[in-house]
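Please follow the explanation below with the model open beside it, beginning with the strands and ending in a loop.

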Amino acid sequence: MSESITKQSVIANYLPTVVAPIAERIDAVFAPSNIALCKYWGKRDVELNLPINSSLSISLAHLGSHTAISVSDEDQVWLNDQRVAADNKFACKVIAFIDLFRGANGLPVRVDTQNNIPTAAGLASSASGFAALMLAIDSFYGLKLEPQLLSAFARMGSGSASRSLYTGFVEWQMGVREDGMDSVALPLDSHWDALRIGLVKVSVAEKAVDSRSGMNRTVETAHLYQSWPLQAAADLERLHRAIADKNFTKLGETAEQNALSMHATMIAAWPPLLYWQPDSVAAMQRIWQARAEGVEVYFTMDAGPNLKLLFTADNEAAVKQYFPDMDVIAPFG
Ligand code: 2P0
């Protein structure tokens with residue numbers, strides 16, 4: 001753990017001496033949202049968002065964030081065509097992230113983000129948001145950073161953003177370096193065309209405890225958390241094998257157990273953290289019932305009440321019988 005290394009000091013090593021816009025505006029760039037099958041939960045360095053465990057995700061194809069940047073006479077942050085107040089938490093995070101690159105005397109900018117997923121509803125909008133912002137900064141300032149640097153820097157905005165630079169399956173390797181420059185995501189060279197993700201929305205309301213505070217609270221107060229790195233390491237290996245073998249049962253079982261293990265550590269935190277609502281539990285029970293009735297469907301959940309279902313294309317109609325309102329995503333197009 002290093003208290004002295006700052007994001008600014010790490011990033012400065014990789015920037016040109018002068019960082020200035022190369023155009024009045026750049027067209028919006030896109031980054032997908034992602035769902036972790038092996039979760040990122042807990043940091044070994046809070047400043048740099050360095051994780052305690054490696055994680056593995058699947059990107060959500062067309063669902064994510066489009067971000068554009070333009071020169072402006074004052075800093076402005078827009079989200080889904082609405083201007084966000086300058087003292088809003090989201091706007092402050094966006095501007096603070098841009099400051100890491102443009103420096104103290106940088107020109108004011110306008111940042112426009114369009115999310116086509118519900119913001120702060122456990123559908124990982126900060127992942128796609130910071131990944132798209134990183135790509136927009138790279139393009140606006142003409143930085144031409146290598147993919148691994150883009151991933152490492154996006155991670156400093158939000159850990160899960162490191163994974164949103166890529167489509168398909170992505171592994172974020174925890175790394176061991178103090179400056180975190182080996183804590184980057186890499187895409188897996190695997191396609192799984194038949195894989196489907198179902199989004200079951202229980203609530204799209206803003207959550208009371210964001211995942212950043214939730215994970216820090218869990219690390220600090222839950223004794224049960226000590227078992228998490230072992231669980232995550234074993235699950236990561238199982239997922240790699242399941243993906244290589246196209247073994248859907250193994251993939252689904254591992255993802256569901258991983259998510260429930262993460263939630264167990266949250267429940268064991270103090271004050272306790274329970275992101276589930278009664279409808280979340282009802283949905284879990286419906287999934288277990290579906291499995292008992294021979295329909296192969298599994299779920300994963302993040303720091304929120306919504307469920308993400310995992311199934312294969314041949315079972316889509318059967319799963320819809322249980323969840324008629326779910327949105328279905330084909331992550332491999
Ligand atoms: C994940 N989550 O792997 C896990 C599972 C939530 C539960 O990554 O503090 O918003 O910005 O690094 O990336 C959400 O955490 O946290 C997250 P920060 P982030 O998807």
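Strand S10 (residues 195-200) runs antiparallel to S13 and is joined to S13 by three bridges, where strands count as paired if DSSP finds at least two bridges between them, and where helices (H or I, at least four residues) and strands (E, at least two) are DSSP runs numbered from the N terminus. Within this pairing, Gly 198 has Val 328 of S13 as its bridge partner. This is a predicted model, in which local features need pLDDT of at least 70 and side-chain atom pairs count only at pLDDT 80 or more, while totals for chains, interfaces and linings use all residues. Residues are numbered from 1 along each chain as its sequence is written, and side-chain values use heavy atoms, with hydrogens and water left out.

Both strands belong to an open sheet of four strands, ordered S11-S12-S10-S13 with antiparallel pairing. Its edges are strand S11 (298-300) and strand S13 (327-329), each of which pairs on one side only. On average, neighbouring strands of the sheet are turned by 30 degrees against each other, direction ignored. Helix H7 (residues 248-267) packs on this sheet, touching S10, S11 and strand S12 (307-312), and the direction of H7 makes about 40 degrees with that of S11; axes are lines fitted to C-alpha atoms, for helices over the stretch in contact, and angles run from 0 to 180 degrees between N-to-C directions.

In the loop between helix H5 (211-221) and helix H6 (228-245) lies Ala 222, which is buried (under 20% relative accessible area, 1.4 Å probe, protein chains only), with a value of 6%. Leaving aside residues up to four places away in sequence, Ala 222 touches Arg 217, Thr 265, Ala 268 and Ala 269, contact meaning heavy atoms within 4.5 Å.

Conventions
Buried < 20%, exposed > 50% of the residue type's maximum accessible area, 1.4 Å probe, protein only.
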